[in-house]
Amino acid sequence: MGSALSQSIFKLHEQHHSLEDYQGGVPRWCSGCGDNAILAAVQRLCRDENLAPERTVFVSGIGCSSRFPHYMKTYGFHGIHGRAFPIAEGVKMARPDLSVFVNTGDGDCCSIGSAHWIHAIRYNMNLTVILHDNEVYGLTKKQASPTSPLGLKSNTTPRGSVLAPLNPLTVTLGVQNASFVAQAVDWIPEVLYDVIRRAYQHRGFSFVRVVQRCPEWLPKLFEPWLQDPGKTLMLTHPKGLTLSADASRIYPNQREHDPADIHQAREIASCTDPIPVGILYHDPSVPCYEDLRGAGAPRTPEGIRAGLEREFDKFTIWPEGDPSRPAA
Ligand code: SF4
């Protein structure tokens, strides 16, 4: 009896996690870096959703933000530059039961990884994607990224960048099968958490662009938005975000936006000042690729070998009338 009781207590303890259960290595990001706020929001989400650490995976590419998996006490894969999406998709295809997150930066996602990004949107796999967009290459010490503002002086654009920045929201909303698109800023932690949580709860490819401060290389870039709350446009809707009384008082510039309306979402996404914050688009009806392909079916070594043989046989040149030729 005693042992049954202690086993139930043990099970209860096993099923409830605290913040510490998700805290991995001590972050090495610079003091004041917006990545710290994203990490805090994600660890809180894991606790509130009670995600089992052994069934949760963080996948990243290369860059400051891509150190993220090291700071989570879950499974993680610190991948190669621009390749976080195919790695995460591979994990999801093999183990659709896992919660899979992707942490990527503006260089990693919007430059070298852009082809993978576009197709990942179209595949609509159940991944929670956080784009840490600081508008500069931080890890390699200040080169212009695809989202850098026009005129930015950097090591690769010493006279100022001459190209208008790529807008990750309008790009995502322009791809077939986009199903969840949202935006947050690192300096409003309450809303950042709400947006990431809604993204996690969506079944499909949830894309959250977080406007992220890099105090090391662009310390003044978002100062006007920090100083003037009117420069943040809060998107509210019963099917999107609802603001707390405090947030509503501090950020009076609000617009009711139905996340089902893609045309309005595209119009809002193209606005950069004020910065729109909230759920821009949500369509839960788009099917996930892993469902269409029946992902996660058990694979035995014999089955894998037979599959390979079948593929190789396609290239065999069989003599006319050979009886051992497999049926087409
Ligand atoms: Fe953060 Fe910038 Fe430092 Fe990288 S260089 S850790 S983005 S503040």
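Here is a short chat about a predicted model and a few of its local features.

Colleague: Hi! Where does the ligand sit?
Modeller: The ligand sits in the second largest pocket.

Colleague: Nice, and which residues are around the ligand?
Modeller: Among them are Trp-29, Cys-30, Cys-33 and Cys-64. Asn-134, Gly-138 and Gln-212 also belong to that group, as do Cys-214, Pro-215, Glu-216 and Trp-217.

Colleague: How does that shell divide into nonpolar, polar and charged?
Modeller: The shell around the ligand has seven nonpolar residues, three polar ones and one charged one.

Colleague: Switching to helices: at what angle do helix 2 and helix 7 pack?
Modeller: The angle is about 50°, and their axes are 9 Å apart. Helix 2 covers residues 34–48, while helix 7 covers residues 189–201.

Colleague: So what do we call that arrangement?
Modeller: Angles from 65 to 115 degrees count as roughly perpendicular and those under 35 as roughly parallel, so helix 2 and helix 7 are oblique to each other.

Colleague: Is the crossing left-handed or right-handed?
Modeller: Helix 2 passes helix 7 in a right-handed crossing.

Colleague: Where is Asn-124 found?
Modeller: Asn-124 is in the loop between helix 5 (114–123) and strand 4 (128–133).

Note on methods
Residues are numbered from 1 along each chain as its sequence is written. This is a predicted model: local features need pLDDT of at least 70, side-chain atom pairs count only at pLDDT 80 or more; totals for chains, interfaces and linings use all residues. Side-chain values use heavy atoms; hydrogens and water are left out. A residue is near a molecule or strand if one of its heavy atoms lies within 4 Å of it. On a 1 Å grid over the protein atoms alone, a cavity is a set of points where a 1.4 Å probe fits but cannot get out, and a pocket is an open set with protein on both sides within 12 Å along at least five of seven lines; lining residues have an atom within 4 Å of a point. A molecule sits in a cavity or pocket if more than half of its atoms lie within 2 Å of its grid points. Ala, Val, Leu, Ile, Met, Phe, Trp, Tyr, Cys and Pro count as nonpolar, Asp, Glu, Lys and Arg as charged, and the others, Gly among them, as polar. Axes are lines fitted to C-alpha atoms, for helices over the stretch in contact, and angles run from 0 to 180 degrees between N-to-C directions. Helices (H or I, at least four residues) and strands (E, at least two) are DSSP runs, numbered from the N terminus. Angles under 35 degrees count as roughly parallel, over 145 as roughly antiparallel, 65 to 115 as roughly perpendicular and the rest as oblique. A crossing is left-handed if the near helix is turned anticlockwise from the far one by less than a right angle, and right-handed if clockwise.
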